[in-house]
Amino acid sequence: MSTQSKYLIIGAGIHGLSTAYHLALDLKAKGLGSGADITVVDKTSIAAGASGIACGVIRNNYFQPAMRELMAHSVDVWESDAQAYSYHPVGYMQISPEVMHADVATIAAQQKDIGYESAFIEGQQDCMTYMRGIFDDWQAQQITSVLHEKRGGYANNRPSMFGLAAKAENEGVTIRSGITVTGIETESGSGGACKRVLTSGKPIEFDYLVIAVGPWIRQFWQYLEQPLTITVKDNAGVDHPNVPMWRYLSLQEGTLGVDPDVLKTNAGVMPPVVHVDSDAPLLSTVDGSLITEEMWGIYYKPDFNFGGVQGGAAPDWIETAVDDVAIDPYGHESPDYVMGTEFAHIWVSSLAHCQKRFEGTLPKYKDEPSGGIGCLAPDSFPIFDVFRENCYVIADSNHGYKMIGVGKLVAEEVLGTRKSLLEPFRFARYATGELHPVSNSPFPWS
Ligand SMILES: Cc1cc2nc3c(=O)[nH]c(=O)nc-3n(C[C@H](O)[C@H](O)[C@H](O)COP(=O)(O)OP(=O)(O)OC[C@H]3O[C@@H](n4cnc5c(N)ncnc54)[C@H](O)[C@@H]3O)c2cc1C
């Protein structure tokens with residue numbers, strides 16, 4: 001015995017829920033149905049994956065033009081219902097050393113072209129003056145450009161997911177927790193369109209399937225019988241065979257247990273999200289010893305949801321063979337991928353490098369599990385594409401919390417309208433060599 005849902009969505013994170021909500025709206029607007037035609041299943045619950053532990057930063061700052069255009073679209077969606085999405089439109093700052101100056105200048109220029117409001121400050125002295133106008137204790141060294149995005153900011157991870165889920169449910173969408181999908185079957189047994197999923201309960205039949213399972217994509221890629229290694233043609237036209245399809249990354253994040261008000265600006269208001277990349281020597285805030293002379297990067301924001309100043313540092317690639325990476329238990333419950341004392345020391349020392357108010361605050365670092373893992377495609381950028389005729393895969397390479405608008409675009413594609421914003425993210429780009437440009441940032445997702 002099977003159950004049935006016209007549209008079945010696997011995963012109740014940002015992508016699954018946004019797709020469900022916007023698909024419900026589109027079905028109704030077009031007279032094709034309603035949210036009652038849509039079921040979301042999740043093996044655990046709403047916000048059980050990466051969306052529920054994300055730092056929540058929402059920015060436009062990407063070196064890749066296609067990413068910037070997509071993010072501008074998503075910021076429109078965050079702004080459309082800031083209250084339900086628990087969205088704080090405080091803005092965002094990319095603060096960079098000379099090695100990144102030219103890259104960030106192109107971002108600033110292209111933000112002007114697409115009408116995304118930002119200020120761009122250049123030169124060491126002007127950057128220091130600008131930053132001291134916001135924080136009187138600013139002291140980061142060797143900074144030669146500041147890109148201050150006036151839109152974006154951050155949202156509170158779990159509240160935003162429950163806000164989105166409520167909007168979907170109000171449109172008639174059913175969200176079922178505790179249903180694990182264990183396989184995908186096709187009509188004829190192999191190849192062709194997908195027909196039903198096997199689950200921990202009854203199989204579920206559908207007309208159209210959306211897979212939005214974040215870090216668990218590795219398993220679903222196998223269910224879809226897709227290749228575990230591929231040939232990637234680079235931008236120079238050179239083929240690289242046997243590239244692993246997926247890699248895992250450990251995100252380094254944590255919280256300093258201080259009153260979030262500590263980070264108010266000189267004007268007494270909540271500041272933009274601060275992201276600093278630097279090639280200045282990083283010294284320990286404990287004993288002044290050298291931590292690194294290599295490029296480093298951090299981001300941070302005051303956040304009442306996390307209860308302090310929360311943020312992170314450049315992530316680490318997980319060297320374990322991809323099939324052996326333990327995804328479950330996920331997030332803060334993972335015995336393998338939560339932050340330890342080394343991260344705390346580096347991150348708080350970096351905060352102190354930037355602002356005097358953080359000097360000597362390492363003892364206030366919150367000793368609680370933080371961080372989590374993400375799954376990335378070969379070029380570290382998303383794949384949004386249809387497989388097997390009726391199966392839409394949203395694999396966002398860990399850029400995704402901010403991408404609330406992707407579900408809106410995917411909903412339109414599911415109903416037959418191709419969206420130009422999603423075209424640069426098709427799977428075929430690895431074969432054709434139409435890859436996104438690579439920046440000089442120490443972060444693989446910039
Ligand atoms: C620590 C951390 C911080 C981050 N910070 C940011 C940030 O500041 N800004 C940003 O833009 N991005 C951030 N990201 C990335 C972002 O969180 C993810 O890209 C995004 O949340 C992925 O959303 P999703 O809906 O695809 O997947 P998820 O939110 O992971 O949801 C997938 C869901 O699928 C369910 N599922 C999995 N397998 C099955 C199955 N077999 N059957 C049924 N259900 C299943 C899971 O239970 C889960 O609930 C961060 C990621 C991490 C780990």
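Is Lys301 buried or exposed? At 1% relative accessibility, Lys301 counts as buried, where buried means under 20% relative accessible area, exposed means over 50%, and partly exposed lies in between (1.4 Å probe, protein chains only). Before going on, a word on what you're looking at: this is a predicted model, in which local features need pLDDT of at least 70, side-chain atom pairs count only at pLDDT 80 or more, and totals for chains, interfaces and linings use all residues. Residues are numbered from 1 along each chain as its sequence is written, and side-chain values use heavy atoms, with hydrogens and water left out.

Back to Lys301, then. Its salt-bridge partner is Asp303, with the closest N and O atoms 2.7 Å apart; a salt bridge here is a side-chain nitrogen of Lys or Arg within 4 Å of a carboxyl oxygen of Asp or Glu. Asp303 is buried too, because its relative accessibility is 0%.

The structure holds 18 salt bridges. One of them joins the side chains of Arg151 and Asp76, at 2.6 Å from N to O. This pair links distant parts of the chain, 75 residues apart: Arg151 sits in the loop between β8 (145–149) and β9 (153–155), and Asp76 in helix α2. Helices (H or I, at least four residues) and strands (E, at least two) are DSSP runs, numbered from the N terminus. Arg151 counts as buried at 19% relative accessibility, while Asp76, at 41%, is partly exposed.

Now follow α2 to its meeting with α8. The axes of α2 (residues 65–80) and α8 (residues 406–414) come within 9 Å and cross at roughly 100°. That makes the two helices roughly perpendicular, a label for angles of 65 to 115 degrees. The axes are lines fitted to C-alpha atoms over the stretch in contact, with angles running from 0 to 180 degrees between N-to-C directions. On the α2 side, Leu70, His73, Ser74 and Val77 meet Val406, Lys408 and Leu409 of α8, contact being heavy atoms within 4.5 Å.

What about the rest of α8? Seven of its nine residues are buried, so the helix is mostly covered. Among the buried ones are Val406, Leu409, Val410 and Glu413. The buried residues of α8 pack against β2 (7–10), α1 (14–29), α2, β14 (208–211), β24 (383–387) and β25 (391–395). Just after α8, Gly416 takes a positive phi of about 105°.

Conventions. Angles under 35 degrees count as roughly parallel, over 145 as roughly antiparallel, 65 to 115 as roughly perpendicular and the rest as oblique.
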